[in-house]
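Here is a walk through some local features of this model, from rings to strands to a few loop residues. Keep the structure open while you read.

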Amino acid sequence: MLIRLSLRNARRSIRDYLIYLITMSGVAALMFAFDSVVFSKDIARMCEDASIMGAMIGLATIFIILIVSWLIHYMVRFMLEKRSREFGTYLLLGMDQKKIARLYLIENLIMGSVAFVIGVFAGFFLEQGLLVLFYQLFSKEYQIHVGISPVGLGVAFVCFFACYLKTLRKSRKLFRNMTISDFMRMEKENERIKAGRDRILQLLFPVGILLLVGAYVVICRLTFSVGILFLCLAMTVAGIYCFYSGLASLLFCYLERKGAGTYRKQYLFILRQLASKLRTMRFTMGTISLLLCVALLGGSIAMMFAQYQETAVRNVLPFDVLVYNEDADYRFEQERRIIEEDTPIAGELVYQIYHNEDKSMIHYLAVHNAAFGGEYCDQNGQLDLSQFEKNNWAYYDYDTYMLEGDYNELRNLLGLAPITLGQEGYAIQVKPRVAKYLDEEIKDRVVEVGAANLKPEGIYTDDFSQNGHNGADFVIIVPDKVRDELTAYYSLYAAKLVAEPSDALKNKLDQYTNGKTGRMTEDEYLAKLESMIASGASVEEIEAFEQEKQLLVFAGISLKATGSDQIISLAADTLVQKTERQATMFAVASIIFPIVYIGLVFLCIALTILAVQQLSDSGKYRFRFDVLRKLGLSERQIDGVVWRQLLIYYMLPALFAVLLSSGISILAGNKFVVYTGASGSGLYYYGLSLMIFFGVYLLYFLATYVGFVRNIRK
Amino acid sequence: MNEFIKVCDVEKYYGEGNNITKAVNRVSFSIDHGEFVGIMGASGSGKSTLLNMLSTIDHVTAGHIYYDGLDITALRSEQVAQFRKYNLGFVFQDFNLLDTLTIEENIRLAMTLHGKSKQEIDPVVHGMMSKLGIAEIADKFPYQVSGGQKQRCACARALVNQPKLVLADEPTGALDSRSSMMLLDTFTLMNREFHATILMVTHDAFSASYCGRILFLKDGQIFHELSRGEKTRREFLNQILDVLALTGGDSGYAD
């Protein structure tokens with residue numbers, strides 16, 4: 001009997017709270033899809049770094065479980081309140097609390113299971129979609145294979161029902177202490193509008209705004225630290241809750257004062273609805289705004305990285321293969337053999353980068369390149385030389401030069417037109433991002449090489465591998481005739497291949513270089529460390545070994561400079577375009593996937609609560625709109641009232657989230673462009689994210705509107 | 001004649017095929033301006049259906065209803081809403097007050113929906129509240145006041161726009177006898193002072209005795225009509241009870 005009743009109730013709840021079910025199915029689908037991908041053997045085989053992605057998704061899952069638990073907790077309480085009279089009747093009929101609690105538990109678990117089953121079904125398709133995406137990242141053909149990953153399913157199952165467990169145990173406690181009259185009263189409680197200390201509480205509104213503005217100012221003005229970040233977060237959260245509490249009271253006071261707006265047609269009705277909704281939901285609205293804000297920020301960040309992925313590899317690595325050697329006379333013979341064995345070479349060049357013991361350009365950039373954020377400047381904005389020489393990681397010790405002939409041959413490899421320099425001319429090849437910081441002072445200067453005074457003849461911003469290979473950020477192109485006046489700095493080898501190389505090429509080249517330079521792979525390094533500890537080496541010896549090798553092992557580079565790219569920087573002695581592209585894409589995907597996962601779940605949960613709040617109240621609204629109808633409102637006018645009411649209700653947290661996140665997103669986006677050299681701007685990324693956000697928003701809004709109108713017409 | 005409402009051969013059927021219920025069957029009558037008319041009948045006699053059609057909430061199956069010569073059965077839905085807005089006021093058994101609005105706001109809303117200004121609204125609302133004795137509960141919410149007060153608020157709301165007709169559906173149904181008497185006195189006041197035309201549906205003989213004229217409905221048809229004339233309320237009540245006794249209706253007050 002209990003089961004049958006639970007089943008029937010669950011069926012009714014599914015009908016009444018369809019949006020909730022759909023969202024829970026969506027959450028289950030996302031959980032299943034992501035978990036399956038993370039634990040997929042194919043992905044693990046394809047990419048060694050799959051564990052990073054696993055960790056990121058795992059981290060995201062923790063947040064998601066917390067928020068989904070909150071949603072379930074909210075919904076369980078909400079449904080309990082809505083159905084309190086029914087539970088009171090069960091008690092009246094002689095059922096004991098324990099039994100009712102069990103009934104409710106079973107009902108919720110049935111709903112959860114239905115959502116999970118639908119979710120897994122939908123998630124299967126989502127998983128295939130994600131896998132196709134992955135395979136595309138790695139330029140491989142994906143064969144759709146039917147089969148559900150048992151590990152993925154298991155993990156999703158555990159995560160999904162973990163969300164339920166805690167909440168439902170809590171609700172049992174709730175039942176235990178309830179009497180029949182409590183249940184009967186609970187329903188009335190919803191309708192009660194408590195007259196509070198609104199005159200004082202409305203002060204929270206400006207306080208909230210002040211806190212939010214304060215948080216923004218602090219994060220913009222002060223130098224970044226974890227303490228400040230937490231301070232800002234705390235201020236933001238407190239600000240949001242104050243804002244909503246204050247807004248509810250402000251509205252109540254306005255109504256009490258009989259403000260002019262309350263005399264305008266239906267607005268009295270709409271304002272009262274809004275005020276009482278805000279009063280009962282101020283904390284929920286605050287949380288919803290926060291969730292939406294996180295979703296928007298996440299979207300923005302995901303867009304940044306997605307855009308970066310587009311440009312990064314092309315910027316850094318237009319060449320199929322590029323190898324660096326610190327020995328200026330190195331001829332790269334073995335490397336060429338290794339490449340030749342792997343894939344035929346279509347064109348190649350062994351060349352050198354030079355210096356002139358001049359430092360004008362690097363000193364200029366140390367001051368003007370915004371990526372350093374004034375790190376090397378003194379109080380007057382001039383170069384702090386000692387600070388720069390001590391901490392310089394981006395640039396070589398001297399300005400780097402390249403011969404015109406070499407430059408044109410490299411351009412030829414890239415399919416670019418050659419340049420022609422005059423007898424007394426020079427050009428600058430620079431990263432597009434850095435070109436923005438060159439002003440007349442440096443663009444118009446005369447470069448002295450030996451006896452020659454070279455005049456500027458142009459700036460080139462083609463993609464040119466300038467993370468330490470063809471200079472760091474820049475290289476100065478000079479006529480071949482001044483070669484003897486320059487000192488060879490280091491040597492490079494660039495190649496264009498006939499076809500895509502094998503996945504193993506990069507490894508083979510690295511192994512060769514490691515063998516030659518005495519560098520170690522990570523495994524070799526750890527083994528050596530272990531053997532040192534086992535053989536009882538002194539702490540000093542171990543530390544010396546670590547200091548000597550660690551950087552080489554983990555960074556894998558002996559480049560002396562890497563340019564000023566930050567956040568994601570592609571720098572290595574040996575660059576194989578295909579491998580680096582895959583690695584970058586995977587690194588970027590490891591960031592984007594969890595962020596999108598979190599963002600989507602947060603967005604859907606916030607919207608579900610908004611929708612459920614409105615739709616489940618429509619019984620009450622049916623009566624209210626009926627009264628309005630009797631007062632002479634036409635159907636069209638009633639639709640208008642519904643439209644306005646829902647719009648205000650939906651837009652309030654959305655606008656709030658937009659206001660809150662836009663400042664931060666645009667700020668962060670612009671910084672991102674400064675540091676990484678990705679194309680676009682903060683506003684552009686934010687706009688993209690906003691479009692997706694409002695797309696999903698619109699879907700939920702329309703579903704609510706249609707459902708609402710249908711309900712009040714019943 | 002000062003005829004206001006004319007009901008001509010109105011019918012209302014529910015169901016289809018062999019399963020047709022005639023809720024109202026060829027009813028005709030008329031009401032003059034300033035009249036206080038009651039419609040009486042047992043449950044299921046069709047009195048509420050008739051009221052719903054008169055109040056444009058429901059459509060007629062056949063027949064016509066004229067208000068000052070205007071046939072409301074021929075109006076389009078937008079026009080019907082307009083008609084309702086400017087001509088009718090409602091008082092219902094369950095008050096139909098909006099629970100999110102205060103007593104005063106419930107009354108005020110009826111006027112703001114008409115697009116009136118604050119200057120017009122405030123004196124009318126306050127005057128109406130003090131006349132009906134609810135001025136001191138103006139800022140209370142419906143759940144904070146008694147049933148009688150709620151119903152007087154509903155009356156005030158029905159009257160503020162000076163409608164041509166006030167329709168009351170079992171207005172005393174949810175009230176105790178003292179509150180009922182107060183409300184019926186209010187109705188009489190509305191009728192005399194504000195010259196409101198009132199049409200009240202009730203199954204309660206005591207309430208009906210406040211009316212000037214009563215139509216008795218049975219099985220969807222008018223079977224009797226009583227006018228109070230110069231009779232006292234007590235005499236009129238007895239007369240009503242006699243009619244009810246004949247039909248086996250409400251006879252509780254006869255004993």
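A residue counts as buried when its relative accessible area is under 20%. A:Phe701, at 6%, is therefore buried. Bear in mind as we go that this is a predicted model.

**Aromatic pairs**

Across all chains, the structure holds 54 aromatic pairs. In one of them, the rings of A:Tyr650 and A:Phe701 have centres 5.3 Å apart and planes at 85°, so this pair is edge-to-face. What does the pair tie together? A:Tyr650 belongs to helix α24 (residues 635-676) of chain A and A:Phe701 to helix α25 (residues 682-713) of chain A, so the contact links parts that are 51 residues apart in sequence. A:Tyr650 is buried too, with a relative accessible area of 0%.

Over in chain B, B:Phe141 and B:Tyr143 make a stacked pair, with 6.4 Å from centre to centre and 15° between the planes.

| Pair | Centre to centre | Angle between planes | Type |
|---|---|---|---|
| A:Tyr650 and A:Phe701 | 5.3 Å | 85° | edge-to-face |
| B:Phe141 and B:Tyr143 | 6.4 Å | 15° | stacked |

Back in chain A, A:Tyr650 and A:Phe701 are members of one aromatic cluster, along with A:Trp643, A:Tyr649, A:Phe693, A:Phe694, A:Tyr697 and A:Tyr705.

**Charges over rings**

The charged end of A:Arg279 sits over the ring of A:Phe252, at 4.1 Å from the ring centre. Another case involves both chains: the charged end of B:Arg108 sits over the ring of A:Tyr263, 4.5 Å from its centre.

**An enclosed strand in chain B**

Now for strand β3 (residues 36-40) of chain B. Five of its five residues are buried, so the strand is largely enclosed by the rest of the structure. In a regular strand, side chains alternate between the two faces of the sheet. Here B:Phe36, B:Gly38 and B:Met40 point one way, while B:Val37 and B:Ile39 point the other way.

Which strands does β3(B) pair with? One is strand β8 (residues 197-202) of chain B, joined to β3(B) by five bridges in a parallel arrangement. Another is strand β9 (residues 213-218) of chain B, which pairs with β3(B) in the parallel sense over four bridges. B:Ile39 is a handy landmark for both: its bridge partner in β8(B) is B:Val201, and it stands opposite B:Leu215 in β9(B).

**An open antiparallel sheet**

Chain B also has an open sheet of four strands, in the order β2-β1-β4-β5, with antiparallel pairing. Its edge strands are β2 (21-32) and β5 (70-71) of chain B, each pairing on one side only. Strand β1 (residues 3-14) of chain B runs antiparallel to β2(B), and eight bridges join them. If you want a residue to check, B:Lys6 has B:Ser30 as its bridge partner in β2(B).

**Two aspartates with positive phi**

B:Asp68 lies between β4 (62-67) and β5 of chain B, and its phi is near 50°, a positive value in a residue other than glycine. At 42% relative accessibility, B:Asp68 counts as partly exposed.

A:Asp473 sits in the loop between β6 (452-460) and β7 (474-478) of chain A, and at 0% relative accessibility it counts as buried.

**Domains of chain A**

Finally, zoom out. The domain assignment of chain A gives domain 1 (1-192) and domain 2 (318-519). Taken over C-alpha atoms, the centres of these two domains are 56 Å apart.

Notes:
Residues numbered from 1 in each chain as written. Chains lettered and ligands numbered in written order. Predicted model: local features only at pLDDT ≥ 70, side-chain atom pairs only at ≥ 80, totals over all residues. Heavy atoms only, no water. Buried < 20%, exposed > 50% of the residue type's maximum accessible area, 1.4 Å probe, protein only. Pairing = 2+ DSSP bridges. Domains from an automatic or database assignment. Phe/Tyr/Trp six-rings, centres within 6.5 Å; stacked < 30°, edge-to-face > 60°. Lys NZ or Arg CZ within 6 Å of the ring centre and 35° of its normal.
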